[in-house]
Amino acid sequence: MIEQHNLLAQANSFVEHQRNKVNPRYRNHYHLMAPVGWINDPNGFIYYRNEYHMFYQYHPYSAEWGPMYWGHAKSKDLIHWEHLPIALAPDQWYDKDGCFSGSAFEYEQRLYLMYTGHRVEAGVAYQTQCLAVSEDGVHFEKLTSNPVISGTELGSVGDLHDFRDPKVVIHDHRFYALVASKTADQRGQVLLFTSTDLLKWDYQSVLLAGNADQGVMWECPDFFDLDGQTVLLVSPVQIKAQGQEYQNISSTVAFIGAMDWASGQFSPQTYHEVDHGLDFYAAQTLVDSRGQRIMMAWMQMWGRTMPTAELDHHWSGSMTLPRELHIRDQRLLQKPLTTIYRDLEYSYGSENIEVTTQPVTFHKLVQENTYFQAVIDLTAAQRFEIDFAKSHSGCLKMTYDRAATTFTLSRKQMGYVITGDEPGAHDSRSVVVPLINDQLVIEAFRDTSSIEVFINGLQAMSMTFYEIERGEDIEFTATGQARIISFEIGRVKS
């Protein structure tokens, strides 16, 4: 593996010499980012030897997508991260144009990565599944038998040109690899392969295939049991919009149902979009030593302009906050990781504030690192608005429409204009959220150029933004009469 070590050494040396050139203006404080360059999909997200490890799609040499490496970081709490050497480089004949997404798993005290080897020949892409192994969780060697799943195992059931993102699951002493693919008539599907020794893999089944409305390709599958049910996460490309759902060009979807391992068939009872913001994709999960199912995702979206790249800041992209998962009423619910509250420092609070059409403004409360929580009684109100991080020129706007039971998050008035490949606007999204006892509970984590909003414990919205004029105020208005029962401001120690 001489080539691998040389290419990894070159990339790691480049990162160390270039990281001081990164412009910190829009960099987050407590979200995982690459030290320099481009970051996208989380890959191997795993709890290994009492630490959390996150591998990720990485192009260190620019702030735009390029030949993929696997970046690597670890953490004890999923908030404070330590960058480790790059784990994989595109240096073999089968992955020369990119080490694409995959997963990590532990077996016999070794840490394995299964990833997609991507190569382009005469303008045609070929994708196969490959393995790398580590004794120390930091330095990896690719198997000499790679690729371990290729066209031979795939046969005619899928398309070798769109065949990627393996997720490895160990069940009943067997290895299973879920691999994203698509059908001949352009529908997303997940294929299931099985092995007893990691070297020889056999095709078992189509785990699940989508219909014509559910996207032309499914990416980045994850698969796990939770609260007595089985969940399949996929990220469909070009899924058709349905009401307020699937408004982005690509989405992340949770199918909830039951798995029959003997037949290799997954039977979903329901499905829905995971996050209703503008920037959330390719989610991966893990289980830690406390048995928590935790999810993180790429907090960005394909086909969008990225101001930090356009401004030559030498970086693009971030991961979301870690979120605990549960299932209730056939929906995947998510909340911020409980341990993040140990790192909260509160700076301001207020109670019993009457709000009407006359704005109620609080000055200089919002900083780059700001936690916001509010409980609002809307018994006598038809509409409620929050102008968050308000300046003379704009704000992030949160709006609740009682008649439509709809919460809207907008960056339309916030800094640089972001455009994208989807039809329509790229600056706001809405989600249906019923009130609970006529109350709206909002929890928001703002971190420099991102905000993640959790509404009534039922929905989440993730969004990036790049303000030009710093906004420090919060302004509340209502149609009718609303009452802010309480609100608090703080920051996450980073």
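## Buried aromatic pairs

Phe362 and Phe476 are both buried, a term that denotes under 20% relative accessible area with a 1.4 Å probe and protein chains only, exposed being over 50% and partly exposed in between. The model is predicted: local features need pLDDT of at least 70 and side-chain atom pairs count only at pLDDT 80 or more, whereas totals for chains, interfaces and linings use all residues. Residues are numbered from 1 along each chain as its sequence is written, and side-chain values use heavy atoms, with hydrogens and water left out.

Tyr26 belongs to the loop between helix H1 (2-18) and strand S1 (37-48), and Tyr466 to the loop between strand S30 (459-464) and strand S31 (473-492), 440 residues apart. Tyr26 and Tyr466 are both buried.

The pair of Phe362 and Phe476 is also edge-to-face, at 6.1 Å centre to centre and 75 degrees between the planes. Because Phe362 lies in strand S23 (residues 360-362) and Phe476 in strand S31, the pair ties together parts that are 114 residues apart in sequence.

## Ring cluster and charge contact

Ring pairs join Tyr348, Phe362, Phe372, Phe384, Phe388, Phe476 and Phe487 into a cluster. Elsewhere, the charged end of Arg27 sits over the ring of Trp315, 5.2 Å from its centre; the criterion is NZ of Lys or CZ of Arg within 6 Å of the ring centre and within 35 degrees of the ring normal.

The chain has 3 helices and 31 strands, taken as DSSP runs numbered from the N terminus (helices H or I, at least four residues; strands E, at least two).

Strand S7 (residues 124-134) runs antiparallel to S8 and is joined to S8 by 2 bridges; Ala132 has Lys142 in S8 as its bridge partner.

## Overall dimensions

Of the 494 residues, 62% count as buried. The C-alpha atoms fill a box of roughly 70 × 50 × 45 Å along the principal axes.

Definitions and conventions. Rings of Phe, Tyr and Trp (its six-membered ring) pair if their centres lie within 6.5 Å; planes under 30 degrees apart count as stacked, over 60 as edge-to-face and the rest as tilted. Two strands pair if DSSP finds at least two bridges between them.
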